Each structure stands twice: as structure tokens, then as C-alpha cells.
Amino acid sequence: MTATNSSPDATGTAGQGLFSGRLRWFIAGGLLLPVTFVMSMDRAAMTVAAPVIQKEYGFTVTEMSVILTSFWWAYALFQVPGGLLAKRFGPRRVLALAGIWWSVFTFLTPYGVVFLGFVVIRILLGLGQAADWPTSVYTLQRWFPRREQSRANSLLLCGLYLGNVIGSPLVVWIIDSFGWEDSFHVFAIVGFVLALLWWWVVRDEPRSHPHASAAEVRHIESDRQRTETEATLPWRAFARSGQFWAIGAQYACLLLIQGFFATWLPTYLVDARGLSLKEMGFLGSLPWVAMIVGVFGMGALNDRVFRHWRGRVRIASAGYLLAAAFLVLGALSTSVPVLITCLCLSLGAVGVVQVHVWAACQDLGGGYSATVTGWTNLWGNLMSAAGPLFTGILVGIGGDWVLAMGILAISGLLGAVCWFFVHPERPLRAPARPSSSLSRKAESCPFPSRWPSSPPV
């Protein structure tokens, strides 16, 4: 499948016959969703297998915390470089190479043998997976008009969290049937195949795809942010913007809560609540089902009902507050059904916020969406690494899960506050040369006005 024509008119017949003007949805749902799903299955495998690995190798709670979070440190620190690579070399090339990289180290995960071996493999795995998210969001920014991007983002998020829904019971079944090592082998092979499929099918621009119809290309380009060159990347302007820091800070708060579910929930249900491994495999997946429901529901509503920035900011703030409240209520409950219900509502509210985060990154970043996405994911995943490590140390010292979950809930309150400093209606851009003292004064303001002087680019 070679792109020999760059004109949509030259490829319109093929595109209309094969995809009927919906190639962009195939890329989002038929490729990005499975790629992200299989990538997340590795994380689910490590999380579910953690109690087995810890027992087999005699690791302490603190050592297991380091193994689990070493992936997230590498994943977080290489978010911005991953976004820059996607911008420089294109999402097609970067995501294909990243997929091959992390598939190799997923396959090698069971061969860590000792504490340091597991840590090194998980770090190298995190380096490979770091490019996936900024590259995927950048792909959607190129292939979708702005009025459809929340729904496209919800497909991407679905792939990420479906791994936690299917991953827990599937990994438990593989462990019981074949051993925990084979779960990593299976996901690695599937990931390698999907990376090759991505390279074969996807193109960086709709115009260069041989199966993109002329009508679909016009539809995409009619409402798409412009693309900037890396030479014009306005880092100084970004660093001076309050909302640039606010979008990163709020995501750090969000991933502090989500990191508990992604890293410690199976251990919490087994050790603190006395569930069996099989019971945990089913019940531990239910909060992720609720999150997918929240993601899809809010993705549709965001494009159709809450397109105005003020509504989106308020919904995101409310999602934070609900996530924090239900996390505390669940921790205090002595009933397992009530606990699971509260955890479902908490993580479902996190899913609502997730949709708004990536829509805001695309609105704020425009042609720099890969960079803004990488920046946001950097801060979120730094907290994904530090948060579970702190939780593990706290529980290892005092055995107090309620206190640990209460501290996580406080981050929800802080995240809600951060959202009121995010202005999706005013994209980040290099400042214009001031023409008067009044404009210089406005330019020096650390937080942009809520009322833009010009429509978003």
C-alpha cells in the first residue's frame, strides 16, 4: 500500500470504494484502539501478576513498588521527547518503531530473574511505550476535524482502559493455565504484528493516503488546526503561560488517583480486603468498565453538548470532586459490594476528566498538540511513578490503606482547582510583537484572559 499520489482528487475513487469516507474512523478504532489496547495489556499483566512475582522471588513491598514504578519513571520522562519525535519524523514511523521496541521488552519481562533485572527491563519498556500516547493524539489531530476529536479521543482512551477490563481476568486465566510468563509472551507477539500493520496501513497526512477520498480530506481539513514547524516551537511563550503549567499540574493530580487503580488495586483487594485471585480478577475489572462508560459517554456529549469551553471546564472540575469523594467513601466502607460500587464511580469520574484533558491539549496545542500532549503526559506519569511508590512505602510502614487513599483524594480537590486556570478557548502561541504599552502589559500577564481577542487557530 504505497502512497503515490498526494492529491485527494487522485485517490478519491479508491477511498470512496473501500472506506466510504470513513478511513479516519478505521485508523482511530481499527488501529489506534488495538495498538493502545495491547500496550495496556502489558501493564495489566504486570499489575495482576505482581502478587505472584513478589511471592515467587521474595520481593518486599518496597522492592515491588520500585519494580512497578520504574516503568512509569521512564515512560514519564520520555513523553516530551516522544512528542518531538512524532513531530519531527511523523506518527507513522515513530509509532511503528516504538511498537516493535516495547514488544521486544514485553517479551523479555519474565527473564528479569533478580530485582535489578526486572527494574532495567521495565525501564527500557517504558522508553518504548513513551512515544505511543503523544504520537496517537497527534495522529488524531491530523486525521480529525476539531468537532469530532472528543469522540476520536474516546476511542483511544477505550483502547487504553479496555486492557484493564479484559486484562485482569485474561491474565488470571493465563497464569492458572500456563504460568504468568506466557501472558507477556502473547502480548508481545500481538504488539509486534500490530506495529507492522500500523506501518503498512497508516500515512502521516490524509492527503497522502491512497484510500482517503477527496470528500473525506476536505471534511478533515475544513476544521483542523494548522501544523507548525518545529523551528517555530515557542517554548518561551509556553513556559510563560499559566495554563501551560495548569494543564500539566491537573493531570498530575488525576494520575495520582488513577495510578492507585492501575498499580495497587489488585494487591489492595487481595491483601486488605481478603479477596481470592479469581474474585479479584473479576471485581478488579469493574472500575475499568465504569471508566470506559464514562469515557464514551463524555466523548459523545463533549462533541455535541459541551463544546463550549466553560461547560467543559466545569464538567472536568466536577469529575475530579466526584472521583475524590467516592474514593474516600469506598476506603471507609466495610462492605465489599459498596467498596466496588464506590471504586466504579470514582474511576468512572476519572474517565470523564480524561476526555476533557486530551480535547484541551488539542485545543491549546493546535499544530503543537504532540508537544503539549507530551508535556501533559510527562507530569501525569511522573505522578504515576511517584504516587504508587509513596503508597507502597506508606502501606509497608504502617499498613494503613485508608490513610493512603485519603491522601490520593486530596489530589482530586487540587485538580479541580487547576482546571479553572485552563482556557481551551485560547490556544498557546508565540506572542505577537507589542505595539503599545497596553499590549506589553497584557502580554506580561501570567494567566491569559478568559475572553480571547481572536478565535482559536
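A: Helix H2 (residues 23-57) packs with helix H5 (residues 91-108) in this predicted model. Their axes are 11 Å apart and meet at an angle of about 25°.

Q: Why are H2 and H5 called roughly parallel to each other?

A: The angle between H2 and H5 is about 25°. Angles under 35 degrees count as roughly parallel, and H2 and H5 are therefore described in that way. Their crossing is left-handed.

Q: Which residues in H2 and H5 meet?

A: From H2, the residues are Leu32, Val35, Val38, Met39 and Asp42. From H5, they are Leu95, Trp102 and Thr106. By class, this contact has six nonpolar residues, one polar and one charged.

Q: How many aromatic pairs does the structure hold, and what makes the pair of Tyr57 and Phe59 stacked?

A: The structure holds 18 aromatic pairs. In the pair of Tyr57 and Phe59, the ring centres are 5.6 Å apart and the planes lie at 15°. Rings pair if their centres lie within 6.5 Å, and planes under 30 degrees apart count as stacked; the pair is therefore stacked. Tyr57 and Phe59 also belong to one aromatic cluster with Phe115 and Phe118.

Q: Why does Tyr57 count as partly exposed, and why does Phe59 count as buried?

A: Tyr57 has 28% relative accessibility. Buried means under 20% and exposed means over 50%, with partly exposed in between, so Tyr57 counts as partly exposed. Phe59, at 9% relative accessibility, falls under the 20% limit and therefore counts as buried.

Q: What makes the aromatic pair of Trp180 and Phe184 edge-to-face?

A: The planes of Trp180 and Phe184 have 90° between them, and the distance is 6.1 Å centre to centre. Planes over 60 degrees apart count as edge-to-face, and this pair is classed accordingly. Both Trp180 and Phe184 are buried.

Q: Why are Trp180 and Phe184 said to be separated by about one helical turn?

A: Trp180 and Phe184 are four residues apart in helix H9 (residues 180-201), and therefore about one helical turn separates them.

Q: How do you know whether Ser411 is buried or exposed?

A: Ser411, found in helix H18 (residues 401-418), has a relative accessible area of 4%. Buried means under 20%, so Ser411 is buried.

Q: What is Ser411 in contact with, leaving aside its neighbours within four places in sequence?

A: Ser411 is in contact with Cys253, Leu256 and Ile257. Ser411 and Ile257 are 154 residues apart along the chain, and their C-alpha atoms are separated by 7.4 Å.

Technical notes: Residues are numbered from 1 along each chain as its sequence is written. This is a predicted model: local features need pLDDT of at least 70, side-chain atom pairs count only at pLDDT 80 or more; totals for chains, interfaces and linings use all residues. Side-chain values use heavy atoms; hydrogens and water are left out. Axes are lines fitted to C-alpha atoms, for helices over the stretch in contact, and angles run from 0 to 180 degrees between N-to-C directions. Helices (H or I, at least four residues) and strands (E, at least two) are DSSP runs, numbered from the N terminus. Angles under 35 degrees count as roughly parallel, over 145 as roughly antiparallel, 65 to 115 as roughly perpendicular and the rest as oblique. A crossing is left-handed if the near helix is turned anticlockwise from the far one by less than a right angle, and right-handed if clockwise. Contact means heavy atoms within 4.5 Å. Ala, Val, Leu, Ile, Met, Phe, Trp, Tyr, Cys and Pro count as nonpolar, Asp, Glu, Lys and Arg as charged, and the others, Gly among them, as polar. Rings of Phe, Tyr and Trp (its six-membered ring) pair if their centres lie within 6.5 Å; planes under 30 degrees apart count as stacked, over 60 as edge-to-face and the rest as tilted. Buried means under 20% relative accessible area, exposed over 50%, partly exposed in between (1.4 Å probe, protein chains only).
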